[in-house]
Amino acid sequence: MILVNTDYITGKELEMLGLVKGSTIQSKNFGKDITQGLKTLVGGELKAYTEMMNDARDLATKRMVEEAQRLNADAIVNIRYASSAIMQGAAEVMAYGTAVKFKF
């Protein structure tokens, strides 16, 4: 599966299959939430939250790819990511794009 954030793939003619998406809502456990809250007092990267968001993007991407595979897509173009806070310490991440099939 080819994944790109452009609306084309060089050298390929594309047939659009439709929108595909994947999402997840992730949170850290209570202990991590407290330690990361204390970290905001001194500044610096909140590594536990960075890891959480990376894991969430990976899972959302995986779910988007699985949806595209059900459509027998060859690629997903114009991939975008969106995130939003659901509550303190929890965030939703969504990956979405257009599933395409290569024309021969």
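Predicted model: local features only at pLDDT ≥ 70, side-chain atom pairs only at ≥ 80, totals over all residues.
Residues are numbered from 1 along each chain as its sequence is written, and side-chain values use heavy atoms, with hydrogens and water left out.

The structure holds 4 salt bridges, a salt bridge being a side-chain nitrogen of Lys or Arg within 4 Å of a carboxyl oxygen of Asp or Glu. One of them joins the side chains of K21 and E67, with a distance of 3.4 Å from N to O. This pair links distant parts of the chain, as K21 sits in strand β2 (residues 13-27) and E67 in helix α2 (residues 47-70), 46 residues apart. Helices (H or I, at least four residues) and strands (E, at least two) are DSSP runs, numbered from the N terminus. The two partners can also be placed by their accessibility, where buried means under 20% relative accessible area, exposed means over 50%, and partly exposed lies in between (1.4 Å probe, protein chains only). E67 counts as buried because its relative accessibility is 17%, whereas K21, at 39%, counts as partly exposed.

Another salt bridge brings together the side chains of D74 and K101, at 3.8 Å from N to O. D74 lies in the loop between α2 and β3 and K101 in strand β4 (residues 90-103), so this pair ties together parts that are 27 residues apart in sequence. D74 is partly exposed because its relative accessibility is 23%, and K101 is partly exposed at 29%.

Turning to the serine, S84 belongs to strand β3 (residues 75-87). With a relative accessible area of 32%, S84 is partly exposed. Leaving aside residues up to four places away in sequence, S84 touches A90, A91 and E92, where a contact means heavy atoms within 4.5 Å. S84 can also be compared with I25: the two residues are 59 residues apart in sequence, and their C-alpha atoms are 9.3 Å apart in space.
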